[in-house]
Amino acid sequence: MEHSPTGFISGAKRTHWQAAVDQQMVSGLSAAAFCREQGLSYQSFISWRKRFATEGRGDVEHDRQGGRIASEAIIGEKPFV
């Protein structure tokens, strides 16, 4: 199990946030709009999305406004906007 500054991260919490990140990616909504619609904390959402991307679970990178851009690591080219 992973450690966080305040203790352990539960599997249920991780599963919840992974599902939210996956749903946002296919929703067509910005991260901010998705979080508003779903009643989620935007800051928590962004934190988890970054964590999953760092772990190699994401297939796209995201800009600060929550928009999606192609990932250099995925397509082997420089990202475009």
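Helices are DSSP runs of H or I with at least four residues, strands are runs of E with at least two, and both are numbered from the N terminus. Follow the sequence and you read β-β-α-α-α-β-β-α.

A word on the source. The model is predicted, so local features need pLDDT of at least 70 and side-chain atom pairs count only at pLDDT 80 or more, while totals for chains, interfaces and linings use all residues. Residues are numbered from 1 along each chain as its sequence is written, and side-chain values use heavy atoms, leaving out hydrogens and water.

Now the surface. The chain exposes about 5,600 Å² (Shrake-Rupley method, 1.4 Å probe). Carbon and sulfur atoms supply 53% of that area. The chain has 81 residues, and 27% of them count as buried, meaning under 20% relative accessible area.

Next, contacts, meaning heavy atoms within 4.5 Å. Take those with a separation of 6 or more: 40% of them join residues 24 or more positions apart.

How many salt bridges does a search of the whole structure find? One. The term means a side-chain nitrogen of Lys or Arg within 4 Å of a carboxyl oxygen of Asp or Glu. Here the partners are R14 and E55, at 2.4 Å from N to O. R14 sits in helix 1 (residues 11-27), and E55 in the loop between helix 3 (42-54) and strand 3 (61-62), so the pair ties together parts 41 residues apart in sequence.

Are these two buried or exposed? R14 is buried, at 19% relative accessible area. E55 is partly exposed, at 37%; that class lies between the buried limit and exposed, which is over 50%.

Terms used: Buried means under 20% relative accessible area, exposed over 50%, partly exposed in between (1.4 Å probe, protein chains only).
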